[in-house]
Amino acid sequence: MDYMTLKEVAEKWVVTPRRVNCYCAGGRIPGAVKMTGVWLIPKTAEKPIDGRTKQGKELRHG
């Protein structure tokens, strides 16, 4: 399986690397693994719904 770094995923999803780190630490990205202190995210991973926004809350509870 091919992996991307936090920075690569952040650029792809148009979010900050810190946000991607939170997704990984919270277990919201299936297949993400931490190796030697670095998160590796599968290239096929999809961006989780952001529950902080109104749209995210509607999708999660709607």
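A disulfide is taken here as a pair of cysteine sulfur atoms within 2.5 Å. By this criterion, the structure holds zero disulfides. Cys-22 takes part in none, the nearest cysteine sulfur being that of Cys-24 at 9.3 Å. Cys-24 is likewise in no disulfide, and its nearest cysteine sulfur, at 9.3 Å, belongs to Cys-22. The surroundings of these residues were described by relative accessible area, with buried meaning under 20%, exposed over 50%, and partly exposed in between (1.4 Å probe, protein chains only). Cys-22 is partly exposed, at 29%, whereas Cys-24, at 5%, is buried.

The structure is a predicted model, in which local features require pLDDT of at least 70 and side-chain atom pairs count only at pLDDT 80 or more, while totals for chains, interfaces and linings use all residues. Residues are numbered from 1 along each chain as its sequence is written, and side-chain values use heavy atoms, with hydrogens and water left out.

Secondary structure was assigned from DSSP runs, numbered from the N terminus, with helices being H or I runs of at least four residues and strands being E runs of at least two. The protein contains three helices and three strands, and these elements follow the pattern β-α-α-β-β-α along the sequence. Helix H1 spans residues 6–13 and helix H2 spans residues 17–25. Strand S2 covers residues 33–35, and strand S3 covers residues 38–42.

Of the 62 residues in the protein, 29% are buried. The protein exposes about 4500 Å², of which carbon and sulfur atoms supply 55%; accessible areas come from the Shrake-Rupley method with a 1.4 Å probe, and for residues only the protein chains shown count as cover. Contacts were defined by heavy atoms within 4.5 Å. Among contacts between residues at least 6 apart in sequence, 44% join residues at least 24 apart.

Backbone geometry was also examined in two loops. In the loop between helix H1 and helix H2 lies Val-14, a residue other than glycine with a positive phi, near 55°. Val-14 is exposed, with a relative accessibility of 73%. A positive phi, near 50°, is also found at Thr-36, again a residue other than glycine. Thr-36 is placed in the loop between strand S2 and strand S3, and its relative accessible area of 82% classes Thr-36 as exposed.
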